[in-house]
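Me: Hi! Could you walk me through this one with me? I'd like to go from the overall arrangement down to a few residues.

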Number of protein chains: 2
Amino acid sequence: MRLTAPTSSHGVTERLFTLPFPTGDVPGVLWTPDGVAGPHPLILMGHGGGQHRRAPGIVAGARRFVTGGGFAVAAVDAPAHGDRPRDARHEGLLTELRQRMRATGDVSEVLAEFHTLLADQSVPEWRAVLDAVGALDHVGVGPVGYWGLSMGCALGMPFVAAEPRVRAAVLGLDGAETSAEAAARVTVPVEFLVQWDDERVPRAASLALFDRLASTEKTLHANPGRHVEVPSFEGDSALRFFTRHLR
Amino acid sequence: MRLTAPTSSHGVTERLFTLPFPTGDVPGVLWTPDGVAGPHPLILMGHGGGQHRRAPGIVAGARRFVTGGGFAVAAVDAPAHGDRPRDARHEGLLTELRQRMRATGDVSEVLAEFHTLLADQSVPEWRAVLDAVGALDHVGVGPVGYWGLSMGCALGMPFVAAEPRVRAAVLGLDGAETSAEAAARVTVPVEFLVQWDDERVPRAASLALFDRLASTEKTLHANPGRHVEVPSFEGDSALRFFTRHLR
């Protein structure tokens, strides 16, 4: 893994990294607390559809986890997102997605297919990121959490199901169509976010996905508002949730 | 209002009180932080069906609010509960409740009638408690919160709807049959608890009641388990919720 020199801002050290992977380089970013020796428990953050590793919501969440809980946080560009190339299958599904959006607005079937394609790539990539980042002195091999909403949930669910190093996850804004099969294999504590008036994910599909999680400890947090209107106090709640389970 | 002499234990001062009321004395209890001058923001706690003002869940919750947030906390025996007498209407409905429980297990209609009867008494009582407790030097007239689950929600919903001094409420374990009309008049922030496998309140009725709340800020917290199995971390969450809104 290649790491850039650290830069620091308001108590948070940031390093960009590139992880060589058989199917192409994975660009990522690592945030750690300034001047605090590791190891730190690690939170992996999966961004939403159309976003990238340094999207504003990811950076704000990462800073909160680092400064509020002393966590290390890593994010990567998902396949076909950020600085990563799209192949013919990506382009084909994205074209179909746009066509259906214009025609009927019902994109759930194509979106599920797109997310399944991306997850086939991203699950092994996340596992490699965990190997590489965990080998750094200032991170270390300790408890790991995963945070991801919307596409970050769709791609994260099979990763959390497959990776025993992940001990707790904040997921949500996603429905049963995409992630139900993986959810039934998730057994770690989960905080699951639902937007009560989500215009992209039907309420029943959200509730059904929460229902499918095999975790003994799982909490659904539902708030009024549309898909992107998750209230900021849920960020504080996620921090406390990870602190309770990883520290 | 008559108050007993204070007793103190582990940082919490307890005073029993009796509030004279036209329809009979209301026995209550007031908890405040030891040795901290008032005024303190006040949380009113409504107990569940068959319980009383010093039920273990009420005492534990009150201690957490007092020691964790510096709140004053008051609880009273609901009508027909604890040390309070039952009249012929109470006895009649309780007998019918027991008969239906044995016959069909479906008690929702009788329970709604019982709760409506009790709420007609308890709403003006809570308002009088608020007047009397707020007049005490070590409580004072400040922001007020209401906490009540199950019957404590059914009786609390119309109180929260009617009483402008209440600025935030933790409610739940209750369905739309009983409280929907009052919920539509509640506008303060609400944290609403649902037990995902509640054997007494159908899941759909719980979700419908949350849906009916007119509050701009409302959060549903759903956890696996039966009616009485609310996880203890929800107590911490309630403390943070009241701290955020009342302090």
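Reply: Happy to; what follows is a short chat about this predicted model.

Me: Great. What are the overall scores, ipTM and pTM?

Reply: The model scores ipTM 0.89 and pTM 0.93. For chain A, the mean pLDDT is 95, and 100% of the residues reach 70 or more.

Me: How can chain B be laid on chain A?

Reply: A turn of 180° with a shift of 0.0 Å along the axis does it, and the RMSD is 0.0 Å. The two copies are thus related as by a two-fold rotation axis. As for the contact residues of chain B, 100% of them recur in chain A, so the same surface serves both copies.

Me: And which residue of chain B comes closest to that rotation axis?

Reply: That would be His221(B), whose C-alpha lies 2.4 Å from the axis.

Me: Switching to the core: which residues touch the most other members of the largest nonpolar core?

Reply: Val73(A) and Val73(B) do, in a core of 148 residues.

Me: What does Val73(A) touch, leaving out residues up to four places away in sequence?

Reply: With those set aside, Val73(A) touches Trp31(A), Ile43(A), Met45(A), Ala62(A), Phe65(A) and Val66(A).

Me: Now Tyr146(A): buried or exposed?

Reply: Tyr146(A) is buried, because 28 other C-beta atoms lie within 10 Å. This residue is found in strand S7 of chain A, residues 144-149. Tyr146(A) and Val73(A) are 73 residues apart along the chain, yet their C-alpha atoms are separated by 9.6 Å.

Me: Which residues is Tyr146(A) in contact with, beyond its neighbours within four places in sequence?

Reply: Its contacts there are Leu44(A), Gly46(A), Gly156(A), Phe159(A), Val160(A), Val166(A) and Ala169(A).

Me: OK, and where is Phe17(A) found?

Reply: Phe17(A) is in strand S3 of chain A, which covers residues 12-19. It counts as buried because it has 20 C-beta neighbours inside 10 Å, and 20 is the cut-off for buried. Not counting residues up to four places away in sequence, Phe17(A) touches Met1(A), Arg2(A), Leu3(A), Gly28(A), Val29(A) and Leu30(A).

Me: Last topic, helices. How do the axes of H4 and H5 of chain B cross?

Reply: The axes of H4(B), residues 151-162, and H5(B), residues 176-183, come within 8 Å and cross at roughly 10°. The two helices are therefore roughly parallel to each other.

Me: Which residues make the contact?

Reply: From H4(B) there are Cys153(B), Ala154(B), Met157(B), Pro158(B) and Ala161(B), and from H5(B) there are Thr178(B), Ser179(B), Ala182(B) and Ala183(B).

How values were computed: Residues numbered from 1 in each chain as written. Chains lettered and ligands numbered in written order. Predicted model: local features only at pLDDT ≥ 70, side-chain atom pairs only at ≥ 80, totals over all residues. Least-squares fit on C-alpha atoms with pLDDT ≥ 70 in both. Contact = placed C-beta atoms within 7 Å. pLDDT = per-residue confidence, 0-100. Helix = DSSP H or I, 4+ residues; strand = E, 2+ residues; numbered from the N terminus. Buried ≥ 20, exposed ≤ 12 C-beta atoms within 10 Å, placed from the backbone. Core = buried A, V, L, I, M, F, W, Y, C linked by C-beta atoms within 7 Å. Axes fitted to C-alpha atoms, helices over the stretch in contact; angles between N-to-C directions. Parallel < 35°, antiparallel > 145°, perpendicular 65-115°, else oblique.
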